[in-house]
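Thanks for coming. I will keep this short, so please look at the sequence and the structure on the screen.

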Amino acid sequence: MSRIQRVLISVTDKTGIVEFARELSALGAEIVSTGGTARMIRDAGIAVRDVSEVTGFPEMLDGRVKTLHPKIAAGMLAIRSRADHMEALAGHGIAPIDMVVVNLYRFEDVAAKAGATLEELTENIDIGGPTMIRAAAKNHQDVAVVVSPRDYGPILAELKANAGQLSLQTKWNLARQAFRTTADYDAAITARLAQVDAPDGPPPRELNLRVPKVMDLRYGENPHQSAALYGKGGKGIAGARQLHGKELSYNNLVDLDAAWQLACEFPSPAAAIIKHTNPCGCAEEETLAEAYRKALECDPVSAYGGVIALNRPVDEETAREMAKTFIEAIAAPDYAPEALAILQAKKNLRLMRVDAAPDRLVVKSISGGYLVQTADEARLDRAKAVVKSQRAPTEEEWRGLEFGWRVAKHVKSNAIVYARAGQTVGVGAGQMSRVDSVKLGAMKAVLPLGGTVVASDAYFPFPDGVEEAVKNGATAFIQPGGSVRDQEVIAAADRLGVAMVFTGVRHFRH
């Protein structure tokens, strides 16, 4: 081990950097830095040399060129145990660099912005940072590379305990973290730039699953299974902030995601109640409280112990309504202070604040590999839907069909949704035959079925599903069409006097 005598600092995330530099200086290390980092350190009264002073060359091209210089690269890459390397440094008047403290331009923050241009993306691709990190990590036996403010404290503690030296094991651990950092950075750039010309294009040639762990979970779907949550940013359910309640479970997160995706389908205030990934109630209304009440009316028995998502900040009235029953978890964009106080009175209720984040790719694991598909973002355009029956839907039926079609997309196949405008009435999910889903949806209904409409995620293979639903009170149907028996199904609708609309779009959810 050798003492840390010279430290190069160039950071975008300046969290804790002044304190770190002050302690390093107190331990006798010379600080060399760049641009805004150097100014911040100098303004804190800490001695610092500018990189341009070391290289004898000014920063140029709006800061694009700062550290790309032999006097920096050689200072990091020289192997101290090789006499020829050290003689080369001495011959060119280059001092070794013993520690490199670097973190990178926030490319992923820019990439996450809606409408980020190619110019914005490329200007936020760090060049000097990854170069310095990789150089220092390659020469880790002689150079410590620090890429995260989280490591400042432990590093200072070890330096103080060991006369300004770091162990080879510590340097090796830091190097491995450094290589992970540059690999993740390059992967993020590659993935984002692939979307520039084809944002909705086919899945990538290679699937990159380098996603950091957010937290360990107590267990998976069952207590004998281990589990963890991984996330790629601060958005969506994986990036949601828990404001209150018990530790989240694997099943909570799966249900929260299902609820959140459904609630986000609607432009007006909406509430989605999920049980075991399927909606047991969903409604859209003028106020959030009314949307929740109508969602709960659909199946209050199944809603007990369910998970709820709302697409508006929770207000006091809605919180009082939700507090009347047992709920496992709630996801919402925010909570009014009064609403938070009401819900926090329930000790175990998990409250999640969520920032919406569309996922362009959906990934599922299978034995030996992964299945990847683009997200199901298809929306119903009434002008493109085709009325196949002799009778067209009334305006009220159209509103019910449009609502039911949005919900059916989030029900496990085979999916049947009985609905009225803005409210589910009965949900039949996951049955092996479509007519059984029709029967189940009616069986689960608490509200009257007379005058409801029916949304089916895929075509009716036989007239029996339509006949069963009409027997239960349905007056209009929406489905993709595409069965070899479509004409028989349409004929049954005409015979029964109901409306039938084809969308041409299927919404299977497995």
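Predicted model: local features only at pLDDT ≥ 70, side-chain atom pairs only at ≥ 80, totals over all residues.

In soluble globular proteins, nonpolar side chains tend to be buried together. Here the largest nonpolar core has 43 residues, and Leu256 and Val407 have the most contacts inside it. Helix H11, residues 250–263, gives the most to this core, with 7 residues. What does Leu256 touch, leaving aside its neighbours within four places in sequence? Leu256 is in contact with Ile237, Leu248, Val307, Ala329, Ile330, Ala331 and Met352.

Next, helix H17, which runs over residues 434–444. Its buried residues are Arg434, Val435, Ser437, Val438, Gly441 and Ala442. An α-helix has 3.6 residues a turn, so residues three or four places apart point the same way. And what do the buried residues of H17 pack against? Their partners are strands S17 (416–420), S18 (423–428) and S19 (453–456), together with helix H18 (464–471).

Last, the cysteines. How many disulfides are there? The count comes to 0. Take Cys264: the nearest cysteine sulfur, that of Cys282, is 11 Å away. Cys264 counts as partly exposed because its relative accessibility is 35%. Cys280 has its closest cysteine sulfur in Cys298, at 7.2 Å, which is too far for a bond. At 8% relative accessibility, Cys280 counts as buried.

That is the end of my part.

Terms used:
Residues numbered from 1 in each chain as written. Heavy atoms only, no water. Buried < 20%, exposed > 50% of the residue type's maximum accessible area, 1.4 Å probe, protein only. Helix = DSSP H or I, 4+ residues; strand = E, 2+ residues; numbered from the N terminus. Contact = heavy atoms within 4.5 Å. Disulfide = S-S within 2.5 Å. Core = buried A, V, L, I, M, F, W, Y, C linked by side-chain atoms within 4.5 Å.
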